[in-house]
Structures are given as structure tokens and as C-alpha cells.
Amino acid sequence: MQQYLIRRVLLMIPTLIIVTVIIFSMVRILPGDVVLQQVSEYPAYSEDEIEALRDKLGINRSWLAQYPEWLGGVVVGNLGTSLWSNDDIGALIIDRIPVTLELAILAFIMANSIALVFGAISAIRQDTSVDYVLRVLSITGLSMPNFWIATMVIIFGARLLNYLPPLRYTPFMDDPLTNLEQFILPAGILGVALSSSIMRMTRSAVLEVLRQDYVRTAWAKGLRERQIVIRHVLKNALMPVVTLQGTQLAFLLSGSVIIEIIFSLPGIGLLTYDSILNRDYTVVQATTLVFGAIFMLINLTVDLSYAWLDPRVKYN
């Protein structure tokens with residue numbers, strides 16, 4: 001296990017370097033730059049003044065010259081400063097990441113508390129009316145985009161119920177009830193597609209396990225259904241589900257941009273969106289790198305969980 005863990009961590013280093021190269025080069029393909037965004041409201045700026053601002057920010061150099069300097073800072077934990085606001089990027093991310101984490105974790109918990117139960121029920125009651133209803137609901141959830149659901153919830157909530165979620169972010173420690181009121185809707189919407197996919201995976205995995213000989217033996221011995229499902233079926237059916245859960249959690253963290261925009265949640269997703277609009281390359285690079293690192297750490301955690309779920313799994 002220890003050797004496997006060290007090898008995986010070492011393999012993450014070249015992967016992250018490749019990610020940084022892609023990020024650094026791709027963001028500079030966007031037309032315009034941060035200086036043009038800043039002076040767009042002040043047409044009196046001359047070309048010489050604009051060029052002087054670019055020289056001050058250091059963005060008039062080629063990206064091949066800028067990349068080693070930026071990578072060297074990342075290696076020592078310095079993500080740089082924002083070209084737009086001149087704020088420390090590390091401090092910006094630390095300030096915003098609790099919002100994105102809370103949104104993703106709430107969505108993950110809500111999705112799994114529904115999906116695992118309904119997926120198991122759908123498999124156990126295969127080809128019954130309950131199974132058909134749950135399968136239709138899962139397909140419906142997969143078919144509806146999150147941004148469309150969020151838009152409809154806000155429009156119909158405002159028109160029919162005269163209700164809008166709080167638009168000003170309130171930290172959980174300041175007012176837990178207001179904080180949960182602000183997060184419960186976006187987390188539920190973000191978890192719709194997640195719960196649908198996990199429910200379908202759970203159903204397929206449970207059906208496969210139910211056909212195993214040891215489960216038939218448990219039925220023949222007269223064990224109760226609840227005991228068979230909890231002790232013999234679910235744990236053995238969890239491995240493919242956990243794989244999907246890990247991938248989905250990583251996507252929740254990196255894919256909550258639109259939900260954060262619609263519900264005015266000041267997380268990393270909204271920070272990345274604003275930075276793209278402002279051509280704030282340094283912030284986009286840093287946030288994307290953080291998302292990439294989180295994605296790889298979650299995948300590593302999922303891989304390590306296999307040994308707990310199935311003792312037959314060995315790491316060499």
C-alpha cells in the first residue's frame with residue numbers, strides 16, 4: 001500500500017505540470033487582455049500608456065518567458081497576485097473555497113441519500129411499478145440541465161410563491177439558518193443529475209450482486225431481506241458506485257460555476273468566471289490548477305478505498 005501511494009503521488013507531479021502548461025497556454029488564446037478590460041471605460045488612454053501598463057504587469061512578454069517564473073512561484077506555494085485587483089490569489093482562493101466546498105458537499109450528501117436508497121429499491125423490486133417509476137425519474141433527472149432547473153426554480157418561485165433565496169452570502173458560523181436557506185436550493189439542483197446517475201449505477205450493481213450464488217444461499221437459509229441487502233449485497237455492490245461518486249464529487253467542485261453565478265454564491269466558480277471576463281490570467285491559472293489537484297486527490301482516495309470495500313484488492 002505504501003509503495004503504491006508513493007508511486008501515485010509521484011505520478012501526480014508530471015500530470016500537474018502538463019495541466020499547468022495547458023492552462024498557461026490556453027488562457028492566452030482568449031482575445032484581449034486585462035489592460036484593455038481596465039481601460040475600456042477610459043478611451044483617453046493612448047497606445048503608449050496601454051503598453052506601459054502591460055509592461056508594468058509583465059504581460060507583454062511571451063508566455064514561454066512568463067511560464068517558468070509562474071511555475072517557480074507555484075512550487076513554493078506562491079500563486080501570484082491578481083492582475084485585475086492586485087490581491088493575493090492564495091488569499092482569494094482560501095476565502096472562496098469554503099463556499100464551493102459547502103455547495104458541493106451538501107449536493108453530494110443530498111444526492112447520495114436519495115440515490116443509494118432508491119437505486120437499491122429499484123433493483124430489489126426489478127420490473128415492478130416501483131422500479132419503472134424510479135427509472136423514469138432517474139432518466140428525467142439526467143435529461144434536465146442544472147442551469148435550466150435553477151432558472152425555472154427562481155422564476156416560478158418568484159412568480160407563484162413570491163419567494164427568492166437570499167442573494168447576499170451569509171457565512172455558516174454567522175447565521176446557520178440563513179446560510180442553509182441560501183444553499184439548500186442550489187445544492188439540491190446541483191445534486192439532481194448526480195443522484196440520477198448514481199441511482200442507475202446502484203441499481204445495475206445491486207442487480208449484478210443479487211444474481212451471485214452466495215446471495216441465493218442467503219435467501220435459501222431464510223435470512224431476512226433487510227439483512228441480506230445490508231450485510232451481503234450493498235457493500236459488494238459499492239465498488240463501481242464509489243468510482244462514480246468520486247468522479248462526480250470532483251465534477252461538483254469544478255462544475256458548480258453556473259449554479260454559483262445564478263444564485264450569487266461567491267465561490268471559486270464565480271471567481272473563475274469573473275476572472276475570465278476580466279482576462280485575469282493569473283487567477284484563472286490558479287483556480288484551474290486547484291481544481292485539477294482536487295480532482296486527482298479525489299481519484300487517489302477512491303482508488304485507495306477499493307481495498308476497504310473488497311479485501312481481495314491488493315496494491316503492489
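What follows is a chat about the helices, cores and selected residues of a predicted model.

Trainee: What secondary structure does the chain have?

Mentor: This is a predicted model, and its chain comes to 13 helices and zero strands. Read along the sequence, the pattern is α-α-α-α-α-α-α-α-α-α-α-α-α.

Trainee: What box do the C-alpha atoms fill?

Mentor: Roughly 85 × 60 × 35 Å, taken along the principal axes.

Trainee: And how much of the chain is buried?

Mentor: Of the 316 residues in the chain, 39% are buried.

Trainee: What share of the contacts comes from residues 24 or more positions apart?

Mentor: They account for 74%, counting the contacts in the chain with a separation of 6 or more.

Trainee: OK, the inside. How many residues are in the largest nonpolar core?

Mentor: That core has 38 residues. Leu103, Val233 and Ile259 are the ones with the most contacts inside it.

Trainee: Which helices supply it?

Mentor: At least two residues each come from helix 5 (89-124), helix 7 (146-160), helix 8 (176-210), helix 9 (213-220), helix 10 (225-254) and helix 13 (281-309).

Trainee: Which helix gives the most to this core?

Mentor: Helix 8, with 12 residues.

Trainee: Back to Leu103. What is it in contact with?

Mentor: Leaving aside neighbours within four places in sequence, Leu103 contacts Phe183, Pro186, Ala187, Leu190, Ser256, Ile259, Glu260 and Leu265. Ile259 is also among the residues with the most contacts inside the core.

Trainee: What about the second core, which residues does that include?

Mentor: It is separate and has 14 residues, including Val27, Ile50, Trp70 and Tyr281.

Trainee: Switching to packing. How do you describe two packed helices?

Mentor: By the angle between their axes and the distance between the axes. For helix 7 and helix 8, the angle is about 145° and the axes are 9 Å apart.

Trainee: Is the crossing left-handed or right-handed?

Mentor: Helix 7 passes helix 8 in a right-handed crossing.

Trainee: Which residues make the contact?

Mentor: Helix 7 brings Asn146, Ile149, Ala150 and Val153. Helix 8 brings Leu185, Ile189, Leu190, Val192 and Ala193.

Trainee: How many of those are nonpolar, polar or charged?

Mentor: In the contact of helix 7 with helix 8, eight are nonpolar, one is polar and none is charged.

Trainee: New topic: Ser122. Where is it found?

Mentor: Ser122 is in helix 5.

Trainee: Does Ser122 count as buried or exposed, and why?

Mentor: Ser122 counts as buried because its relative accessibility is 2%, and the cut-off for buried is under 20%.

Trainee: What does Ser122 touch?

Mentor: Not counting residues up to four places away in sequence, Ser122 touches Asp131, Leu134, Arg135 and Arg203. With Arg203 there is also a polar contact of 3.1 Å between the side chains.

Trainee: And Asn278, where does that lie?

Mentor: In the loop between helix 12 (268-277) and helix 13.

Trainee: Is Asn278 buried or exposed?

Mentor: Asn278 is buried, because its relative accessible area is 19% and buried means under 20%. Beyond residues up to four places away in sequence, Asn278 touches Val34, Gln37 and Trp84.

Trainee: Last one. Which helix holds Phe291?

Mentor: Phe291 is found in helix 13, and it is buried, with a relative accessible area of 14%.

Trainee: How far apart are Phe291 and Gly269?

Mentor: Phe291 and Gly269 are 22 residues apart in sequence and 9.9 Å apart in space, C-alpha to C-alpha.

Notes:
Residues numbered from 1 in each chain as written. Predicted model: local features only at pLDDT ≥ 70, side-chain atom pairs only at ≥ 80, totals over all residues. Heavy atoms only, no water. Core = buried A, V, L, I, M, F, W, Y, C linked by side-chain atoms within 4.5 Å. Buried < 20%, exposed > 50% of the residue type's maximum accessible area, 1.4 Å probe, protein only. Helix = DSSP H or I, 4+ residues; strand = E, 2+ residues; numbered from the N terminus. Contact = heavy atoms within 4.5 Å. Axes fitted to C-alpha atoms, helices over the stretch in contact; angles between N-to-C directions. Left-handed = near helix turned anticlockwise from the far one by under 90°. Nonpolar A, V, L, I, M, F, W, Y, C, P; charged D, E, K, R; others polar. Polar contact = N/O pair within 3.5 Å; in protein donor to acceptor, adjacent residues only side chain to side chain.
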